[in-house]
Amino acid sequence: MRLRLATYNIHACVGSDGRFDPERIVQVLEELDAAVVALQEVEHHRVEGQDLLDYLAAAAGLTAIAGPTLLRGTRDYGNALLTRLPVLAVKRIDLSVADREPRGALDVALAWGPLRMQVVATHLGLRPGERRWQTRRLLTLFESTSADLAALLGDLNEWLLWGRPLRWLRRHFPVIANPPTYPARFPLFALDRIWVRPRALVRNLQAHHSPVARMASDHLPLKALLIRHPTWKSGNREPDPG
């Protein structure tokens, strides 16, 4: 009845000390002990004979779903989802805007016991106009879902609390206070976000402040604990508070 979600911009496994060290990311993933983890800035090069994403997934005991946005000659780069839940369906959504870095999202259906869960993992653009268009596109994914619960996880790159993307998201998802996660050593900005509907499932949401997490990337991970009542079954909706 308990499920932990997390989102983590791993900065291609380059820590705040400038060192490439996938083992630190693995250690953070083990500390999180989450059943669903959205990753951003995943660099798909080789580590001990494996693709980096496969290496992280195997070390953490999770299944990997890749969502590359930049396809390069030697290695790819982009989003990913790690999970220990059964995967029911996967869609890769293009959120690219002309003349800007390609962006995308993973729209994944998972089984949490008898419930169908929609998880969208993403990393939005740096310019306000990009994020506005990308947010509108993401909201269409949730409007057409038949899932029992839905979650948006990722680095939204939204610095302004009063920006239109956050206002639009609050209309669809009940408000959850997301703590700052960037920069990792002295977090000031809530760039990384977890949004869940129904809101009543969320019992705790916080940044992960362990010593290794403050070094492993330029972002801290964000984690949320969901708890559902044993009598809540598929097709039922727990009311959102107030």
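1. Let's start with a term we will need: a residue is called buried when its relative accessible area is under 20%, exposed when that value is over 50%, and partly exposed in between. Please also keep in mind that this is a predicted model.

2. Now try the term out on Asp21. Is Asp21 buried or exposed? Its relative accessibility is 16%, so Asp21 counts as buried.

3. Arg19 has another contact to look at: its side chain meets the side chain of Asp17 in a salt bridge, with 3.2 Å from N to O. Asp17 has a relative accessibility of 33%, so it is partly exposed. Arg19, at 43%, falls into the partly exposed class too. As background, side chains of opposite charge can pair when their charged atoms come close.

4. Next, find Arg131 and Glu158, whose side chains form a salt bridge of 2.9 Å, N to O. Arg131 sits in helix H3 (residues 128-143) and Glu158 in the loop between E10 and H4, so this pair ties together parts that are 27 residues apart in sequence. Arg131 is buried, with a relative accessible area of 4%, and Glu158 is buried as well, at 6%. Elsewhere, salt bridges with shared partners link Asp17, Arg19, Asp21 and Arg24 into one network. Searching the whole structure gives 8 salt bridges.

5. How many cavities of 30 Å³ or more does the structure hold? There is 1, and the volume of the largest cavity is about 60 Å³. Its lining includes Gln40, Glu41, Tyr77, Arg103 and His123. Strand E2 (36-44) and strand E6 (76-83) are the elements that give two or more residues to this lining. E6 provides the largest share, 3 residues. Sorted by class, the lining of the largest cavity has 2 nonpolar, 5 polar and 3 charged residues.

6. Finally, turn to the surface. Trp159, Leu160, Leu161, Trp162, Leu188 and Phe189 form a nonpolar patch there, and together they have about 680 Å² of accessible area. Trp159 belongs to the loop between strand E10 (149-155) and helix H4 (164-172). With a relative accessible area of 41%, Trp159 is partly exposed.

Notes:
Residues numbered from 1 in each chain as written. Predicted model: local features only at pLDDT ≥ 70, side-chain atom pairs only at ≥ 80, totals over all residues. Heavy atoms only, no water. Patch = residues over 30% accessible without salt bridge, like charges linked within 9 Å, V, L, I, M, F, W, Y side chains within 5 Å. Areas by Shrake-Rupley, 256 points an atom, 1.4 Å probe, with all protein chains shown as cover. Salt bridge = Lys/Arg side-chain N within 4 Å of Asp/Glu carboxyl O. Helix = DSSP H or I, 4+ residues; strand = E, 2+ residues; numbered from the N terminus. Buried < 20%, exposed > 50% of the residue type's maximum accessible area, 1.4 Å probe, protein only. 1 Å grid on protein atoms, 1.4 Å probe; cavity = no way out; pocket = protein on both sides within 12 Å on 5 of 7 lines; lining within 4 Å. Points joined across faces, edges and corners; volume = space filled by probe spheres on them. Nonpolar A, V, L, I, M, F, W, Y, C, P; charged D, E, K, R; others polar.
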